[in-house]
Amino acid sequence: MTTVVDVVVIGGGQAGLAAGYHLRRLGLDFVVLDAQTRAGGAWQHAWDSLRLFSPAAYSSLPGRLMPPQAGQEYPDAGHVVDYLTDYEHRYDLPVHRPVRVNAVRRDGTRLRVETESGVWSARAVISATGTWWRPFLPAVPGMNVFTGMNVFTGRQLHTAGYRTPAEFAGQRVVVVGGGNSGAQIAADLASSTELTWVTSRPPRFLADDIDGRALFDAATARRRALDEGHTDTGGVASLGDIVAVPPVREARDAGLLKAQPMFDRLTSDSAWSDGTRARIDAVIWCTGFRPALSHLAPLALRGQRGHIPTNGTQAAGEPRLHLLGYGDWTGPASATLTGVGRPARDAARDVAALLR
Ligand SMILES: Cc1cc2nc3c(=O)[nH]c(=O)nc-3n(C[C@H](O)[C@H](O)[C@H](O)COP(=O)(O)OP(=O)(O)OC[C@H]3O[C@@H](n4cnc5c(N)ncnc54)[C@H](O)[C@@H]3O)c2cc1C
């Protein structure tokens with residue numbers, strides 16, 4: 001069965017909902033197709049102790065401030081799920097779940113959106129599928145999970161698979177990665193495991209009084225400077241990487257977060273660095289994510305580094321397609337709760353203009 005609609009938004013996480021909010025305001029005919037069984041996007045899969053790197057009021061989508069979470073300056077992921085659930089009901093957004101989009105194809109003047117539960121025929125598509133669904137793992141000798149030839153026989157998981165320190169109590173655990181995920185998960189494990197935290201360069205903590213608000217401002221200033229032809233400000237990278245949310249600050253101040261250099265290779269039960277061997281039980285790879293764009297493959301739009309070239313949010317090679325929320329290349333700080341509002345508004349306006 002084919003359903004005809006003006007706009008299909010693919011993904012019902014925060015980016016898809018922000019797009020929906022603006023499409024609704026513009027009075028457009030649209031649906032949101034989301035692969036999850038319930039609201040909340042990636043937040044419903046986060047580890048138990050994850051804390052936002054900004055206070056609630058600075059983690060809001062257009063139209064509705066995130067309420068504070070009782071007793072927490074930096075809300076947890078459950079609070080974000082509640083907020084997103086409320087948001088889509090409040091604005092009566094037409095989200096269909098669970099609907100996974102397998103492919104988007106050109107179909108004359110329209111785009112054909114193929115899913116496991118039918119086909120949608122649209123005049124424009126906004127893709128907002130996030131990154132959580134494509135964990136990135138570096139290639140390190142002894143851990144080759146891509147080929148299935150694992151040499152290391154202990155447990156290996158990515159940030160996306162981590163839930164709680166209870167699973168690792170008393171074990172020798174290596175956490176890899178010097179970003180916010182690595183620091184937060186290392187802090188989570190520090191007091192109940194034999195933790196080794198390894199980073200490819202020394203970890204850079206932001207000053208304790210700086211949080212995600214400053215990251216957002218820095219990203220915006222950098223984009224503005226680049227757009228106006230000024231010198232690159234360095235953006236977020238100039239500030240540091242790790243927001244010292246309370247659990248990270250406590251572990252660091254207790255001397256539990258001391259990073260070691262990255263190991264060279266894994267053997268069946270050990271990590272090796274410079275000829276030194278450390279026996280370990282588990283490795284947690286906090287090594288980032290890549291954009292989940294496989295459903296767009298039939299459009300053959302990919303450029304360098306797996307990204308699709310864009311002008312703002314509009315795909316350079318397909319004006320009926322917008323990309324939202326994947327990172328700075330789809331709008332400054334667009335992969336954050338606060339930052340996605342503006343590119344979502346711009347994408348919705350562009351789509352409205354196209355449909356006129
Ligand atoms: C560990 C971590 C901590 C973060 N902390 C913060 C923070 O403190 N503050 C902040 O502002 N940001 C933070 N972010 C960044 C960002 O806010 C989140 O990654 C957020 O989940 C991105 O929202 P999204 O809507 O772009 O993607 P997602 O939340 O991933 O939502 C995408 C939705 O699309 C669906 N989908 C995917 N593929 C398909 C398909 N083919 N068909 C249909 N549906 C599909 C998914 O199931 C999902 O529901 C953090 C990110 C990570 C990874």
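Author: Two rings of Phe, Tyr or Trp (its six-membered ring) form a pair if their centres lie within 6.5 Å, with planes under 30 degrees apart counting as stacked, over 60 as edge-to-face and the rest as tilted. Ring pairs link Tyr21, Tyr83, Tyr87 and Tyr91 into a cluster. The model is predicted, so local features need pLDDT of at least 70 and side-chain atom pairs pLDDT 80 or more, while totals for chains, interfaces and linings use all residues. Residues are numbered from 1 along each chain as its sequence is written, and side-chain values use heavy atoms, without hydrogens or water.

Reader: How many aromatic pairs does this rule give? What makes the pair of tyrosine 21 and tyrosine 87 tilted?

Author: The count is 10 aromatic pairs. In the pair of tyrosine 21 and tyrosine 87 the ring centres are 6.2 Å apart and the planes stand at 40°, so the pair is tilted.

Reader: Which parts of the chain does the pair of tyrosine 21 and tyrosine 87 tie together, and why is tyrosine 87 called buried or exposed?

Author: Tyrosine 21 belongs to helix H1 (residues 14-25) and tyrosine 87 to helix H2 (residues 77-90), so the pair ties together parts 66 residues apart in sequence; helices here are DSSP runs of H or I with at least four residues, and strands are E runs of at least two. Buried means under 20% relative accessible area, exposed over 50% and partly exposed in between, with a 1.4 Å probe and protein chains only. Tyrosine 87, at 0%, therefore counts as buried, and tyrosine 21, at 10%, is buried as well.

Reader: Why is the pair of phenylalanine 263 and tryptophan 285 classed as it is?

Author: The ring centres of phenylalanine 263 and tryptophan 285 are 6.0 Å apart and their planes meet at 65°, so the pair is edge-to-face. Phenylalanine 263 lies in the loop between strand S12 (259-261) and strand S13 (265-267), and tryptophan 285 in strand S16 (residues 282-285), 22 residues apart. Phenylalanine 263 is buried at 5% relative accessibility, and tryptophan 285 at 1%.

Reader: What places the charged end of arginine 290 over the ring of phenylalanine 136?

Author: A charge sits over a ring if NZ of Lys or CZ of Arg is within 6 Å of the ring centre and within 35 degrees of the ring normal. The charged end of arginine 290 is 3.9 Å from the ring centre of phenylalanine 136, and arginine 265 lies over the face of tryptophan 272 at 4.9 Å.
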